[in-house]
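Subject: Structure handover

Hello,

Here is the structure I promised to pass on. My notes on the domains, the ligand site and the salt bridges follow below.

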Amino acid sequence: MNHKPVLLKQTISSLLFRKSIKKNTNLLEKYSLIKQKGSFNGIFVDGTFGRGGHTKELLSFLDSDSMVFVFDKDPEAIVVANDLAKQDNRVNVIHNSFACIKEELYSRNVNYVDGIMLDLGISSPQIERGERGFSFMRDGPLDMRMDNTKGITVSDWIQKASLNEIKDVLSNYGEERFALQIAKAIIAYRDKKPFTSTFELSECISKAIPIREKCKHPATRSFQALRIHINNELLDLSKCLKSSIDLLNPAGVLSVISFHSLEDRIVKKSINSDLLKQNVYIDLPIYAKDIPEPSMRSVLRIFPSKEEINENPRSRSAVLRVSQKSY
Ligand SMILES: C[S@@+](CC[C@H](N)C(=O)[O-])C[C@H]1O[C@@H](n2cnc3c(N)ncnc32)[C@H](O)[C@@H]1O
């Protein structure tokens, strides 16, 4: 199963044309200029390598002195990344969470980078392969760990969690309005027999929900919530965003593709300098002109085109936020 990269051209343009991007820049137009420009140089990070769609596209425009550091939690993604690194010595592979971006780069004597991209969530191979336990559409062990070499599976977590813990996860990370009913049904089931498969859980959730949403499987929100929880996704994201601000060179760019509103809100709050100003300085008795410029400014927010959504339905909920370090 291949993974079709989302918002590929726009993401790569944002990194390569970082010095000239403005609020009204059309990144697709910029992309069409890449070939005329010759090759580009820089040190970049792909925090979510997956199957390497974004990394390979970036590499194709970089000169031989450039470097790309690629992260993934998933051992299967790391196998693909290591194969790429064998053929291309600009690629440096790191099997770890992007939450550790600063520590990992510092330990390799890399203190600054020119661009960082994150394409959040899970890849098509992860969701398509039932044995990874991410999908309510495919039966498999109830796992959902991106890094299945460590941590606990969803099945083990459910077995030990309290009613309130399950309810809070479903409600906070899945925005599931039937969180309490579902949590009660899960507890009643697991007290008789541990959940071992994704189908067992999705059936239990479906039965607990009194209504049906059009074109949406009843277990969608709960599966998203459990995946976010078991992989510590939101905390990892905010740690990475904080470190990225320190790691970027002046005019360096952070480009993040998110797929649901929780992720996007974290990205927006971390990078939006206007919000930063309001939150940090609103109560201080000083003039706006005396306030130091925040270190990041939000530049662009881009959605996939209708054509991209038709070609790749997975892109329909994507949003790319591009922000830039002040210079
Ligand atoms: C949507 S896919 C990326 C696809 C990639 N851009 C491509 O074109 O092939 C997300 C990938 O990021 C990885 N991932 C998600 N959160 C991560 C984290 N905190 N640290 C490292 N990798 C992560 C997942 O394991 C998955 O392989």
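Two salt bridges are counted between domain 1 and domain 2. Keep in mind that this is a predicted model.

Which elements supply the side of domain 1 that touches domain 2, if we ask for two or more residues each? They are helix H12 (233–247) and helix H13 (261–271). H13 gives the most, with 4 residues. By type, the residues on that side of domain 1 divide into 4 nonpolar, 3 polar and 3 charged.

Now the domains themselves. Domain 1 is made of two segments, 8–124 and 233–325. Domain 2 covers 148–230. Their centres, taken over C-alpha atoms, are 32 Å apart. In the contact between them, domain 1 takes part with 10 residues and domain 2 with 8. The size of an interface is often given as the accessible area lost when the parts come together. Here, domain 1 and domain 2 bury about 760 Å² between them. Carbon and sulfur atoms account for 51% of that area.

Next, the ligand. How many residues surround the ligand? The count is 24. The closest are Arg-51, His-54, Asp-72, Phe-98 and Asp-119.

Some polar distances to the ligand:

- Gly-52: a polar backbone atom is 3.2 Å from an oxygen atom of the ligand.
- Lys-73: a backbone N or O atom lies 3.2 Å from a nitrogen atom of the ligand.
- Asp-236: a polar side-chain atom lies 3.4 Å from a nitrogen atom of the ligand.

Last, the salt bridges as a whole. The count comes to 21. One of them joins the side chains of Glu-76 and Arg-51, at 3.9 Å, N to O. This pair links distant parts of the chain, 25 residues apart. Glu-76 sits in helix H4 (residues 75–87). Arg-51 sits in the loop between strand E1 (43–46) and helix H3 (53–59). Arg-51 is also among the closest residues to the ligand.

Best wishes

Definitions and conventions. Residues are numbered from 1 along each chain as its sequence is written. This is a predicted model: local features need pLDDT of at least 70, side-chain atom pairs count only at pLDDT 80 or more; totals for chains, interfaces and linings use all residues. Side-chain values use heavy atoms; hydrogens and water are left out. Domain bounds come from an automatic or database domain assignment. Contact means heavy atoms within 4.5 Å. Buried area is the accessible area (1.4 Å probe) that two parts lose on being put together, summed over both. A salt bridge is a side-chain nitrogen of Lys or Arg within 4 Å of a carboxyl oxygen of Asp or Glu. Ala, Val, Leu, Ile, Met, Phe, Trp, Tyr, Cys and Pro count as nonpolar, Asp, Glu, Lys and Arg as charged, and the others, Gly among them, as polar. A residue is near a molecule or strand if one of its heavy atoms lies within 4 Å of it. A polar contact is a pair of N or O atoms within 3.5 Å; within protein, one must be able to donate a hydrogen and the other to accept it, and residues adjacent in sequence count only if both atoms are side-chain atoms.
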